[in-house]
Amino acid sequence: MAFYVVQFLTGLASAASLFLVASGLSIIFGVTRIVNFAHGAFYMLGAYVAFTLTERFSGALGFWGGMVVAALVVAAVGVLVEMVLLRRIYHSPELFQLLATFGLTLMVEDLVVLIWGPNDLLGRRAPGLKGAVDFFGQNIPSYDLFLIVLGPVVLGILWLLFQRTRWGILVRAATQDRDMVAALGVNQKWLFTSVFAVGVFLAALGGALQIPRDAVNHAMDLRIIVDVFVVVVIGGLGSIIGAFVAAVLVSELNAFGILIFPKISIILVFLVMAAVLIVRPWGLFGKQEAAARRTPGLTVNPWRPLTSGERLAAMVALIVAAALPLVGGNYALTVGSEVAIFVIFAASLHFLMSVGGLASFGHAAYFGLGAYGVALLAKMAGLPMIVCLLLGPLLGCVGAAVFGFFAVQLSGVYFAMLTLAFAQIVWSIAFQWVAVTGGDNGILGVWPEKWVSSASHFYWLSLGVAALVVAALRVMVFSPFGFALRATRDSPLRSEAIGINGKRIQWTAFVIAGTAAGIAGALFAYLKGSVFPDNLGISLSVDALVMVLLGGVETVSGAVVGAIVYKALNIWLVSQTDLSKLVLGGFIVLIVVAFPKGIVGVLETIRNRRRSASSKSALVTSRIETAE
Amino acid sequence: MRASRYYFLGAGLAIALSGMANSAMAQSEIKIGEINSYSLLPAFTDPYRKGWQLAVEEINAAGGIGGKKLVVVSKDDGGKPADAQTAANELVSSENVAMLTGTFLSNIGLAVSDFAKEKKVFFLAAEPLTDAITWAKGNRYTFRLRPSNYMQAAMLVEEAAKLPAKRWATIAPNYEYGQSAVAVFKKLMSEKRPDIVWVDEQWPPQGKIDAGPVVQAVAAANPEAILNVTFGADLVKLVREGNTRGLFKDRSVVSFLTGEPEYLDPLKDETPEGWIVTGYPWYSIKTPEHDAFLKAYQAKYNDYPRLGSIVGYETIKSAAAILTKAGSTDPEKLIAAAEGIAVPSPFGEISFRKIDHQSTLGAFVGKTALKDGKGIMVDTSYRKGADYLPSDAEVEKLRPKE
């Protein structure tokens, strides 16, 4: 019996650290609607700064003071980031801020290694809390007891802050309806900055508090960021109590789950999230988001098909690209094939995200399913390559059909997180089912047959398929189906009133996007000759998001440009420098500031401005003004 | 879209041109392509890089390879198999390297080894521990330097079997390395000691151990001895929780790799005492070969070597020896030269076995101890790799026929 009590308390201690970080993220999202990918980076910075301070100043005051000062220092960094970077892009398309914070995260990961060195650092133990307390023969670390108390205390302080202060009332009002708060004359700039500072302070404090239990290292951010997102979503976005309950739920399920299934930890949080979201679409304590007042359709330049001149130009560009084997060597061609494959992948996500208005955080699942489909058909059934290429993507299609059915019942960030949960579930199956998938050692030897084994032939194959898929998706955008999809995105109520079955349309779009991603994955398997669980992983999903956002989420061809720029740059940087993350992150941050609508988005705005100046079309001008 | 295609072409042209410029230089030098997870695992790869840089310097100071200068072109794989293949392709296609070396993670090692097989390139894997790379998925183009999972397990089992403990629990990261380490250890241990029972196993996700509940769960099973396979930050968390909660008190612990300075040093004054570990006690090895290496390394870097330094150093030394013996960069001749070649190393002479392309580099087995607030290995002895491999008949069965 004593064992179960101790295991329960241990779970509570884990929950406390999770809650601190999650509450900060939840507050930031609630008010600013920023999906703060850099939250884990602030957590990690908190740990590193606290490590330096506590090593420097010994004694109880040095330790506890060091923790708080570290959190304050990192909060100041957060304020700087908010004022210099995020303020410029609050009016950018939804999720664009994710791109900025992603860039920051990349930079911080390399910076901490540059500043603090590559080794894992062992921080001091908390003075006075070094030992353990005996509980009927079981030991409970006294630091755990401290954390168990700290969690509810922080919850209480936050509750008081939100219920009893004017600032708290403003924050709650902004969480419910930011436009109304702005209309009432509240200075949003400083409200956002202060909220961001509080959120970052909590993250950094959470990191600093890990010092006596953890090793400070440069991978801490990724370890926590996804779990924290999951906790926030399970609890309900913007709900502090929800975050607390979810943190306790997840930690306790893990603490007791490993007694029965020792391998459960790897997937547990995602299983819980999927289950919660299917039953309660807005999390345990969340409320349905207030309908956005701005109709997204007005914020974008109206889409139109290519003119015949532009079509010709696209054809010429394709022919020029097809001439690459005349000048490029094997390496250039292989990079070319990889870029072409990622064009397909990005275009498929773009179809879901821009045309369908459904941002998926787990799109790699369908890419990876396509790749595994090919690998299993080729290695187990021994089918010829052409058959594998045709049938492999069907696995992506089936996966998208199953998961899409559940996912499209939700919208916004909840949709994104449910897709992430499904992707992680698929990933863990690939990772754990060693007998079939080979686990993390993957499936090897999936090489193309003779007729496309040369680099130039494979390049032409990839380029041809990419051109076909991009063209097909583009045709669909301007087909009746595409119009129905955009109608559902822009105004669900109106489109329903004219007889469009929104959910079915979105589901179909999900399946189409999943299949296209599966095609990319199938080609990728042959390009690399092997398939690994990585191909289903979070980082690939994030890559796809970054490509679409970089190109411009509100444009039709942004994904193509975004994929080419990001992938080519990534491959080049990784090859040239060990600090590729620092440079790439810096580049992304620059792009975000210079092109707040994505590369193609800004180019289009400039072109439209010129055009409207010459043609004096009042209608177009007014629309563009609305967009700004 | 139109503009984008031109970028694409421009990038292609630039890459092609740089490739041509490189090949013009290639006459007076021999290039080795090297890939490792520099950005993902700097704690291990930093000393590793220092190790091979020292080797390159020594080789060129001694006249290079057949009068040609040795150049190592190094690439980062970011911890992703797909990126490692892109890098391998660049090294082979654009840099025209004579062979590929390096890699740390098992799945990346396997991906590059499969690439080597498909493209018919010689590959000397440095760090990956998986048994598959020389056995189940072995191929004639791939050689491996470090003692494999099986060898390390066999070395530890020899010591572990002497313990009186009968009730054993295991803690291992939930991925291939952890799974196969536990499987091999269990198999070899149960062969030697049929009386042993396995009472619990814990599989925390790699890099994400929630140490409190794991320690508590293991303690609840009340084992007499524990096998640990976690390393890095997971190990630190496990040790800290285990120390506070008294998990290691009166229990024997056998642990993979923990004696390597990369993993032992971060534990500082919290190093648990008396664990039976494999590792690298650079401070207590007294052989002329190692003294020479240690002196050269400390003179160049003003730092002590880690195991990664040894691996990096010996990888390039072995590669150079193979290139010198082959007198050619033709992969078939390299394979012929590498099979059975004997190479000096800081741990004494090693050789690359013809039967499975595994080197006979060994490891040190000893016990952990605390000295001046730092963890060290004591009672160490060097175990030669050749003594801890299965019989030739068994290896024949494990390796696919070609």
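User: How many residues does the contact take from chain B, and how many from chain A?
Analyst: The model is predicted. Contact here means C-beta atoms within 7 Å. Counted that way, chain B gives 71 residues and chain A gives 72 residues.

User: Which element gives the most to the side of chain B that touches chain A?
Analyst: Several elements of chain B each supply at least two residues, including α2 (42-61), β2 (69-76) and α8 (232-245). Another of them is α1 (2-25). With 12 residues, the element that gives the most is α1(B).

User: By class, what does the side of chain B that touches chain A have?
Analyst: Chain B brings 71 residues to the contact. Its side that touches chain A divides by class into 30 nonpolar, 21 polar and 20 charged residues.

User: How far apart do the C-alpha centres of domain 1 of chain A and domain 2 of chain A lie?
Analyst: Chain A is divided into domain 1 (2-290) and domain 2 (323-578). The distance between their C-alpha centres is 32 Å.

User: Which element gives the largest share of the side of domain 1 of chain A that touches domain 2 of chain A?
Analyst: The contact takes 23 residues from domain 1 of chain A and 23 residues from domain 2 of chain A. On the domain 1 side, α4 (96-116), α9 (220-235) and α11 (268-279) of chain A give two or more residues each. The largest share is six residues, from α11(A).

User: By class, what does that side of domain 1 of chain A have?
Analyst: Domain 1 of chain A puts 23 residues into its contact with domain 2 of chain A. By class, they are 21 nonpolar, no polar and two charged residues.

User: Where does the largest nonpolar core lie, and why?
Analyst: This core has 353 residues; Ala204(A), Met273(A), Val343(A) and Met417(A) touch the most other members. Helix α15 (residues 330-355) of chain A provides its largest share, 18 residues. Both domain 1 (2-290) and domain 2 (323-578) of chain A give residues to the core, so it lies between them.

User: Which residues does Met273(A) touch, not counting residues up to four places away in sequence?
Analyst: Met273(A) is one of the core residues that touch the most other members. Beyond four places in sequence, its contacts are Val230(A), Val233(A), Ile234(A), Met417(A) and Ala421(A).

User: Which residue takes a positive phi in the hairpin of β13(B) and β14(B)?
Analyst: Strands β13 (residues 363-371) and β14 (residues 374-383) of chain B run antiparallel, joined by eight bridges. Ala363(B) has Arg383(B) as its bridge partner. Two residues sit between the strands, and the one with a positive phi near 55° is Asp372(B).

Definitions and conventions:
Residues are numbered from 1 along each chain as its sequence is written. Chains are lettered from A and ligands numbered from 1 in the order in which they are written. This is a predicted model: local features need pLDDT of at least 70, side-chain atom pairs count only at pLDDT 80 or more; totals for chains, interfaces and linings use all residues. Two residues are in contact if their C-beta atoms, placed from the backbone, lie within 7 Å. Helices (H or I, at least four residues) and strands (E, at least two) are DSSP runs, numbered from the N terminus. Ala, Val, Leu, Ile, Met, Phe, Trp, Tyr, Cys and Pro count as nonpolar, Asp, Glu, Lys and Arg as charged, and the others, Gly among them, as polar. Two strands pair if DSSP finds at least two bridges between them. Domain bounds come from an automatic or database domain assignment. A nonpolar core is a set of buried Ala, Val, Leu, Ile, Met, Phe, Trp, Tyr and Cys residues joined through C-beta atoms within 7 Å. A residue is buried if 20 or more other C-beta atoms lie within 10 Å of its own, exposed if 12 or fewer, and partly exposed in between; C-beta atoms are placed from the backbone.
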